[in-house]
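Dear colleague,

Please find below the structure I am handing over to you, together with its sequence. My notes on what was found in it follow directly after.

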Amino acid sequence: VLDIPDGKAQEGIGIQQWGTNGATAQQWKVTEVSDGYYKIASVINEELVLTVKSNDSSNGSAIVLSKYTGADNQLFRFEEDGTGYYGITSKCSKNKSALDVYDWSTEYGGVINQWEYWGGDCQLWKAILVKEPQVTQTTTQITTPPTTQTTVTTTVTATTEPTFMYGDLNDDKIADLTDLTL
């Protein structure tokens with residue numbers, strides 16, 4: 001799972017892989033910006049987004065959190081591979097490089113970087129959509145001369161489904177706990 005080390009969402013921190021645990025350090029808000037490009041923000045601090053540190057297509061460029069500016073190194077496209085998995089390519093590489101688990105690591109703390117996109121398992125991710133909380137507001141106005149009373153009731157229904165991005169490292173086309181990473 002894409003993970004923020006120790007849950008410390010701060011500018012410049014490198015992104016790592018970790019076992020799925022449902023923590024907010026593994027939850028991301030994906031928002032379309034324009035032309036099929038998305039920003040990927042931490043739910044801990046939505047001002048901080050995934051960023052290609054080098055702002056180019058260099059292999060091995062670190063993926064870090066930084067304050068959103070809208071620059072090309074903060075915009076990503078999801079390239080579907082036909083099996084429900086996605087390569088996440090960067091605009092700054094002209095979609096030639098993607099998020100990658102460095103050196104195919106299967107260890108907790110494996111570094112997430114950018115590498116030329118070739119569709120390998122260390123570059124494939126699955127996004128699980130989590131519905132936004134539903135907010136319902138009802139306004140009731142009761143009129144009894146000489147006063148008017150207005151009652152507003154707001155109900156928020158939140159989902160308990162986790163938000164994860166993970167990969168299928170053992171190539172069984174099922175992303176589950178046996179993958180333990182991404």
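This is a predicted model: local features need pLDDT of at least 70, side-chain atom pairs count only at pLDDT 80 or more; totals for chains, interfaces and linings use all residues.

Trp115 lies in strand 10, which covers residues 112–116. Together with Tyr102, Trp104, Val111 and Trp118, Trp115 makes a nonpolar surface patch of about 550 Å².

**Overall architecture**

The protein contains 14 strands and 0 helices. Read from the N terminus, the order of elements is accordingly β-β-β-β-β-β-β-β-β-β-β-β-β-β. Of the 182 residues in the protein, 37% are buried. The exposed surface comes to about 9900 Å², and carbon and sulfur atoms supply 50% of that area. Among contacts with a separation of 6 or more, 49% join residues 24 or more positions apart.

**The largest nonpolar core**

In soluble globular proteins, nonpolar side chains tend to be buried together. The largest nonpolar core in this model has 21 residues, and the members that touch the most others are Ile15, Leu50, Leu65 and Leu99. At least two residues of this core come from each of strand 5 (48–52), strand 6 (61–67) and strand 9 (97–101). Strand 5 gives the largest share, with 3 residues.

When residues up to four places away in sequence are not counted, Leu50 touches Leu2, Ile15, Trp28, Ile40, Ile63, Val64, Leu65, Asn73, Gln74, Phe76 and Leu99.

**Tyr38**

Tyr38 is located in strand 4, residues 37–42. Is Tyr38 buried, exposed or partly exposed? Its relative accessibility is 25%, so Tyr38 counts as partly exposed. Leaving aside neighbours within four places in sequence, Tyr38 is in contact with Val30, Thr31, Glu32 and Val33, and also with Gln74, Leu75, Phe76 and Phe78. The C-alpha atoms of Tyr38 and Arg77 are 6.2 Å apart, although 39 residues separate the two in sequence.

With kind regards

Note on methods. Residues are numbered from 1 along each chain as its sequence is written. Side-chain values use heavy atoms; hydrogens and water are left out. Patches are made of residues with over 30% relative accessible area and no salt bridge: like charges are joined within 9 Å, nonpolar side chains (Val, Leu, Ile, Met, Phe, Trp, Tyr) within 5 Å. Accessible areas come from the Shrake-Rupley method with a 1.4 Å probe; for residues, only the protein chains shown count as cover. A salt bridge is a side-chain nitrogen of Lys or Arg within 4 Å of a carboxyl oxygen of Asp or Glu. Helices (H or I, at least four residues) and strands (E, at least two) are DSSP runs, numbered from the N terminus. Buried means under 20% relative accessible area, exposed over 50%, partly exposed in between (1.4 Å probe, protein chains only). Contact means heavy atoms within 4.5 Å. A nonpolar core is a set of buried Ala, Val, Leu, Ile, Met, Phe, Trp, Tyr and Cys residues joined through side-chain atoms within 4.5 Å.
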